[in-house]
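Here is a friendly briefing to read alongside the structure. Have the viewer ready, and start with the view below.

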Amino acid sequence: MNPYESHPARILEVRDLTPREKLFTLRFLDEDLNERFTFRPGQFVIVDVPGFGEFPISLCSPPTRSPIQLCIRKAGRMTKFIHKMKEGDVVGIRGPYGNGFPMEKMEGSNLVLVAGGLGMAPLRSVLWYAIDTGKYEHVWLFYGTKAYEDILFRDEIIHLLKHGSAMGCTVKLAYEVESPSCIYLEQGFSDRVCRGVVTDLFRGEEFDVNRAYALICGPPVMYRFVIRELLDRKLSPGRIYMTLERRMRCGVGKCGHCVVGTSVSMKYICQDGPVFTYWDALSTRGLI
Amino acid sequence: MRYIKLPSENFGKFFKSLEAWGSVYAPVKRGGIYSFQEVHDPAEIALDYNRTMLPPKKFFFRPKEAILRLKNGHWEENLEAEPTVLFGLHSCDIHGLKILDRVYLDEPADPYYKSRREKTLVIGISCMPDEYCFCKSLGTHFAMDGFDLFLHELPDGWLVRIGSVRGHEIVWENGELFEEVTDEDLANFKEFEERRANSFQKELPQEGLADMLDLAYNSPVWKKYADICLACGNCNMVCPTCRCYEVCDRWVDAYSAVRERRYDSCFMENHGLVAGGHNFRPTRLDRFRHRYYCKSYFDPSSGYNCVGCGRCDEFCPAKIEHVKVLDEIRGSLE
Ligand SMILES: Cc1cc2nc3c(=O)[nH]c(=O)nc-3n(C[C@H](O)[C@H](O)[C@H](O)COP(=O)(O)OP(=O)(O)OC[C@H]3O[C@@H](n4cnc5c(N)ncnc54)[C@H](O)[C@@H]3O)c2cc1C
Ligand code: SF4
Ligand code: SF4
Ligand code: FES
């Protein structure tokens, strides 16, 4: 099989998540492939719109559920094009690519998921994987968003605000722009919804740093603040995982676009990542 | 390794015999510049060339090529490798191919590169360094593998090293053209290699190179050179180990499209650009430094990503010299 060739997949459903993001539910035309296809949370696929181009997108559904789902933001030429596509249309998918989060290694531990904006997409895969398998002691989700309209998977988030504790999961939400809907949410869940930034959500939460892993995904500026917060709590750099983004063409370590680092340490985000530990960031310049 | 001798008077016949294998490409001189071109008459070959402008990578990883064709809604791959003979590669370029191999043959292998590599016979030839060469300091001035045959110049012919089964086959099929190697030939071979080793004018001290560069991340020398660099990307195009590519879909007519890839350069501003306009290497300084880091990265399995061929120096319009930049960076630390 040519590694650059994608597998046709049908769009089963398109759902508006926000004015900018849509959720695409996809199923491969090849039934065997639907059976075979599996991945780790944190991995991504390359979406192919033949004749227009390809772009990398994280798998946002958990591997415990099928069909697969992708949350795609309208960011430019190609993503605008796919936003116009409808149920029944066919796109190409190749992958999964990248290393993903080390889910087996983290079994039995606490997971602290820290998501900013679109960073919610790959972490949703972790969240539902953890809930579905029940292999993790407790899961925190700290989710920072701009405004009420920008909350990705809003129904799920509100559902987990209400019923999360029964599933071993604490969801907390920070928003920046005030609105009646946010104030209403804040009244309902005063201990878990607040106006502020994602690091504000750490307040009042205790977790045993020797039994916890932090998984971060968000805009580049967020990493510094979140990592400082975690290090202040004495979480080991080896327990801090983050997923990173770079321009990608091939996804398989050939095209050179995602290469970062210096003469002592060079990494391919597509193959060595996109998930890295904070140790990796300390030893590879330009990673974050 | 097996060594045999090709006497001068048999060179022409040997060269013609290669046509049985495939189209033969060899260095020729055109308008002051050497390049690999299809050759039918051995007299056309510039046997004593210094370096071609584009390295042999162009045979395996094309400047521009269609990788997939969209027909009736389906992708078809565009594999069309022809049997080819690359005659007259210098040792540094053979090392350059080995570095590309590590990238393109690593799983999942690039099918285009792989099929061309498999269908191409590589014949090396010895050379004398000019003022740009610094392969000796990188250990790429002699190839131990990565070729089928390697021809070393002797006063009355060529000492041939056989590097592969295919190389053996060619020698076997043309047995009457070759002779056994004599002690005198070996002495001549040794003398040539010694003379060559002493002819290098440029040296890249590689001791601690990778660490030194990393420590000098903020050295003002980067800025000094980034300011005179034109960001033309020539150095990337001519480098035997640069292999970044960009991909673009193009409609041929209303029903068919091609997915093309072409050489890309890390000097281009959009190389590190992602959605929303964020750029991970926003300044020319970032991009200039990145290229040096990439070239000086040391991989335990294949060495540096630079083989010291001197192309980037010879073809840089701003006359920036690779070794000089690295020397000054080192100097700025002391
Ligand atoms: C590992 C990974 C996971 C991602 N996951 C998601 C996700 O779950 N949801 C989502 O909405 N977006 C995700 N992105 C970002 C997404 O790939 C870009 O938004 C998308 O490529 C923009 O394409 P465009 O043609 O619409 O934009 P344009 O700005 O028109 O881009 C032009 C070209 O640049 C390249 N490009 C632009 N931005 C990026 C980028 N950020 N990363 C890589 N290549 C880029 C694209 O290949 C594109 O063809 C992810 C990126 C990476 C690297
Ligand atoms: S060839 Fe010279 S001027 Fe052009 S990008 Fe390279 S270093 Fe800069
Ligand atoms: S960096 Fe310059 S000298 Fe080194 S291999 Fe590339 S072109 Fe040749
Ligand atoms: S995306 Fe091509 S090398 Fe990583």
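The points below go from the whole of chain B to one of its sheets. Please keep in mind that this is a predicted model. Chain B holds twelve helices and 13 strands, and buried residues account for 55% of its 334 residues.

**Overall build of chain B**
- The radius of gyration of chain B is 22 Å, which agrees with the value near 20 Å that a compact globule of 334 residues would have.
- Along the principal axes, the C-alpha atoms of chain B fill a box of roughly 65 × 65 × 40 Å.
- Of the contacts in chain B with a separation of 6 or more, 74% link residues 24 or more positions apart.

**Surface of chain B**

**A four-stranded sheet**
- In chain B, an open sheet of four strands runs in the order β5-β4-β11-β10, with antiparallel pairing.
- Its edge strands are β5 (74–77) and β10 (245–251) of chain B, each of which pairs on one side only.
- On average, neighbouring strands of this sheet are turned by 25 degrees against each other, direction ignored.
- Helix α3 (residues 111–118) of chain B packs on the sheet, where it touches β4 (64–71), β5 and β11 of chain B.
- The direction of α3 in chain B makes about 120 degrees with that of β4(B).

**The β10–β11 pairing**
- Seven bridges join β10(B) to strand β11 (residues 256–263) of chain B in the antiparallel sense.
- Val247(B) has Arg261(B) as its bridge partner in β11(B).

How values were computed: Residues numbered from 1 in each chain as written. Chains lettered and ligands numbered in written order. Predicted model: local features only at pLDDT ≥ 70, side-chain atom pairs only at ≥ 80, totals over all residues. Heavy atoms only, no water. Pairing = 2+ DSSP bridges. Helix = DSSP H or I, 4+ residues; strand = E, 2+ residues; numbered from the N terminus. Axes fitted to C-alpha atoms, helices over the stretch in contact; angles between N-to-C directions. Contact = heavy atoms within 4.5 Å. Rg over C-alpha atoms; globule rule 2.2 N^0.38 Å. Buried < 20%, exposed > 50% of the residue type's maximum accessible area, 1.4 Å probe, protein only.
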